[in-house]
Amino acid sequence: MADYAIGDVQGCADALDELLEVIAFDPQNDCLWFAGDLVARGPDSLKVLRQIKAMGDSARVVLGNHDLHLIACFYGYSPVKKKDRTANIMTAPDGQELIDWLRAQPLFLEIPHQNAVMSHAGIPPCWSIKQTRELAAEVTAILQGEQLHQFLGGMYGNSPALWHEQLRGAKRWRVITNYLTRMRLCNFAGELEFSHKEGLEGLPEGYYPWFNLPNPSLKNTRILFGHWAALEGNGPQAPVIALDGGCVWGGQLLAYRLDDGRFFSATKACLDCGLE
Ligand SMILES: [Mn+2]
């Protein structure tokens, strides 16, 4: 009986199958915690969505930017690009069901029995856990409610780059979503920087990886996150755990066993991934 946190699958169905074999996943006893970006770029996002949805209570998911982009595409707020490789989800007989399931997934998860929290991009240095929980829940409620279309229509964009409690409506939802699903760098004020997507070299002046900025509310809580593939699972110091091994870019799909801190990986390279 174990808890495994799994990095960005991004439609790499074969790598996921292999990883589940490597960890000898037992759906009766184990729980998988997916760090988001289940879909896009890899060869079979539809299969991955169906598989994880079918796991029921033995899989928990936080949404990533690609998952939200898929929802926006499904409702016509963005064209499906060839590189997304999600066109078959739009026409699948269970497409609406899969999108409804995704819309019900949170942007932030707590795993109290493992002293851990998870979001796709990480925990903003300017938010406490309580704030993160409340703001993530605002977006989840909107994704499932009447303001879904207002949210999706205003979801794209980099501004405002800085959180402010007085923000309302689409701007507020956008900045919350950007912190939880697209963040890599922030400055000391907590302002986001979106252009840097590489590793920890050559950072723009005044900006730092979010996990290197102090967040006194976190103490020793483990923070699990994906999204930043260029880190290839390295970079942050414990208790911050990077899970995106860049499987879709020729790296590895990673699982981190929360019970003992051991990493597992799928060894098969995803030969059909990252092609544009
Ligand atoms: Mn991502």
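This is a predicted model: local features need pLDDT of at least 70, side-chain atom pairs count only at pLDDT 80 or more; totals for chains, interfaces and linings use all residues.
Q: How many residues of H3 are buried, and what do the buried residues pack against?
A: An α-helix has 3.6 residues a turn, so residues three or four places apart point the same way. Here helix H3, which runs over residues 65–74, is mostly covered, with 10 of its 10 residues buried; among them are Asn65, His66, Asp67 and His69, together with Leu68, Leu70 and Phe74. The buried residues of H3 pack against helix H2 (45–54), helix H4 (87–91), helix H5 (95–103), H6, helix H7 (148–153) and helix H8 (169–181).

Q: Which residues coordinate the manganese ion, and how are the donor residues spaced in sequence?
A: Ideal angles at a metal are 109.5 degrees for four tetrahedral donors, and 90 or 180 degrees for six octahedral ones. In this model the manganese ion is coordinated at 2.1 to 2.3 Å by Asp37 (OD), Asn65 (OD1), His120 (NE2) and His227 (ND1), and the spacing of these donor residues in sequence is D-x27-N-x54-H-x106-H. Histidine 120 sits in the loop between strand S5 (116–118) and helix H6 (129–143), whereas histidine 227 sits in the loop between strand S9 (222–225) and strand S10 (240–242), so the pair ties together parts that are 107 residues apart in sequence.

Q: Are histidine 120 and histidine 227 buried or exposed?
A: Both histidine 120 and histidine 227 are buried.

Q: What is the make-up of the second largest pocket by class?
A: The second largest pocket, with a volume of about 180 Å³, has a lining of 10 nonpolar, four polar and one charged residues; Phe211, Leu213, Leu218, Ile223 and Val240 lie nearest its centre.

Q: What is the order of the strands in the open sheet of three strands, and which strands stand at the edges?
A: Strands of a sheet pair through backbone hydrogen bonds, either parallel or antiparallel. The open sheet here has the order S7-S6-S8, with antiparallel pairing. Strand S7 (192–193) and strand S8 (208–209) stand at the edges, each with a single partner strand, so one side of each is left without a neighbour in the sheet. Strand S6 (residues 185–186) pairs with S7 over two bridges, and leucine 185 has glutamate 193 in S7 as its bridge partner.

Technical notes:
Residues are numbered from 1 along each chain as its sequence is written. Side-chain values use heavy atoms; hydrogens and water are left out. Two strands pair if DSSP finds at least two bridges between them. Helices (H or I, at least four residues) and strands (E, at least two) are DSSP runs, numbered from the N terminus. Donors are N, O and S atoms within 2.8 Å of the metal (3.2 Å for Na, K and Ca); water is not among the atoms, so sites may look incomplete. Buried means under 20% relative accessible area, exposed over 50%, partly exposed in between (1.4 Å probe, protein chains only). Contact means heavy atoms within 4.5 Å. On a 1 Å grid over the protein atoms alone, a cavity is a set of points where a 1.4 Å probe fits but cannot get out, and a pocket is an open set with protein on both sides within 12 Å along at least five of seven lines; lining residues have an atom within 4 Å of a point. Grid points are joined across faces, edges and corners, and a volume is the space filled by probe spheres set on the points. Ala, Val, Leu, Ile, Met, Phe, Trp, Tyr, Cys and Pro count as nonpolar, Asp, Glu, Lys and Arg as charged, and the others, Gly among them, as polar.
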